[in-house]
Amino acid sequence: MIDWTVFTPWSALAGGIVIGTAASLLLLVNGRIAGISGILGGLLRPMAGDVAWRAAFIGGLVFSPALYALVERLPAATIEAGYPLLVLAGLLVGAGTRYGSGCTSGHGVCGLSRLSPRALVATVAFMAAGFVTVFVVRHLLP
Amino acid sequence: MHSLSAFFIGVLFGIGLIVSGMTDPFKVIGFLDLAGAWDPSLAFVMGGAVVVGLFAFRLASKRTAAFLGGAMQVPAARHIDRRLVLGSLTFGAGWGLAGFCPGPALVALGAGYDKAVVFVLAMLAGMALFEIAERVLHGRSR
């Protein structure tokens, strides 16, 4: 059942358009794919002349809440997972995105925008795994 | 110049994530919880981003160089293999456990959440483990 009280289609769509614009700019201006896991992972495999733009992009992401907070109050984030679960989840996300060559941004946004069948398979796979995991954690385990 | 533009595009990407609601793991898990009180908002994030991206990637396919110079670095891989599927499934499981994917986790880290710091450190460790495994198993050092 859809929970209409928490449904925020307009801000979601507006944020999506901004994300799509940023991904488009990185592609056209810098000639790069805005895949966060790939940009971050590339820093762990440093190559000459390939480090600065990656670090700058990640720096921009990390700095963005400070800039946002100058104009508007930051929306609160509710992180229910405890520390052990966060460590496990982080390890899975880190290793999985590198093994699968992408995450929500690289496969989900950029790959689907390129109409790449490879990205579609990846997106279906990580969405399905996400649905199943939440189903197990929220409805089967308790 | 490449780094300067990457920084500002990173800021824009982060602001898009904040506006969209993706930086709140509670909202992400609400989207992944099909069997519970489902919040379909995040489908609008990806939809909005992909609609913009479709134009950019069409435009990019006609160009050989980025605006700032240098080649357009668009992935050439087209094959759908075990790495892609297993990696994406692993990522999706981690995403469902904590509600964080790489981009939003970096933004939440910037917003000062201790739990996001822990998640990002674990994610970097997962990426590093992948790099080490690659080198040990395949002797790759691209």
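Is the crossing of α6(A) and α4(B) right-handed or left-handed? In this predicted model, the crossing of α6(A) and α4(B) is right-handed. A crossing counts as left-handed if the near helix is turned anticlockwise from the far one by less than a right angle, and as right-handed if clockwise. Residues are numbered from 1 along each chain as its sequence is written, and chains are lettered from A and ligands numbered from 1 in the order in which they are written. Local features need pLDDT of at least 70, side-chain atom pairs count only at pLDDT 80 or more, and totals for chains, interfaces and linings use all residues.

Helix α6(A) packs on helix α4 (residues 82-98) of chain B at an angle of about 40°. Their axes are 7 Å apart. Axes are lines fitted to C-alpha atoms, for helices over the stretch in contact, and angles run from 0 to 180 degrees between N-to-C directions. Helices (H or I, at least four residues) and strands (E, at least two) are DSSP runs, numbered from the N terminus. On the α6(A) side, the contacting residues include R118(A), A125(A), F126(A), G130(A) and V137(A). On the α4(B) side, they include L84(B), F91(B), W95(B) and G96(B). By class, the contact of α6(A) with α4(B) has 16 nonpolar residues, five polar and one charged. Here Ala, Val, Leu, Ile, Met, Phe, Trp, Tyr, Cys and Pro count as nonpolar, Asp, Glu, Lys and Arg as charged, and the others, Gly among them, as polar.

G96(B) is found in helix α4 of chain B. With 27 C-beta neighbours inside 10 Å, G96(B) counts as buried. A residue is buried if 20 or more other C-beta atoms lie within 10 Å of its own, exposed if 12 or fewer, and partly exposed in between, with C-beta atoms placed from the backbone. Apart from neighbours within four places in sequence, G96(B) is in contact with A129(A), G130(A), T133(A), V134(A) and L32(B). Contact requires C-beta atoms, placed from the backbone, to lie within 7 Å. G96(B) and A116(B) are 20 residues apart in sequence and 15 Å apart in space, C-alpha to C-alpha.

The crossing of α1(A) and α3(B) is right-handed. Its contact residues divide into 20 nonpolar, nine polar and no charged.

Taken overall, the contact between the chains draws 103 residues from chain A and 106 residues from chain B. Helices α1 (9-30), α2, α3, α4, α5 and α6 (117-140) of chain A each supply at least two residues of the side that touches chain B. α1(A) gives the most, with 21 residues. That side of chain A has 67 nonpolar, 28 polar and eight charged residues.

Chain B comprises six helices and zero strands. Its C-alpha atoms fill a box of roughly 45 × 40 × 30 Å, taken along the principal axes. Buried residues make up 56% of its 142 residues.

The α5 helices of both chains are enclosed. Nine of the nine residues of α5(B) (residues 102-110) are buried, so this helix is largely enclosed by the rest of the structure. These buried residues pack against α2 (36-43), α3 (52-71), α4 (83-99) and α5 (104-113) of chain A, together with α1 (2-20) and α6 (114-138) of chain B. G112(B) follows α5(B) and has a positive phi, near 95°. In chain A, ten of the ten residues of α5(A) are buried. They pack against α1, α2 and α6 of chain A together with α3 and α5 of chain B.

Two residues of chain A beside this helix have a positive phi. Most residues other than glycine have a negative phi. S101(A), in the loop between α4 and α5 of chain A, has a phi near 60°. S101(A) is buried, with 22 other C-beta atoms within 10 Å. L115(A), in the loop between α5 and α6 of chain A, also has a phi near 60°. L115(A) counts as exposed, with 12 C-beta neighbours inside 10 Å.

Key
Contact = placed C-beta atoms within 7 Å.
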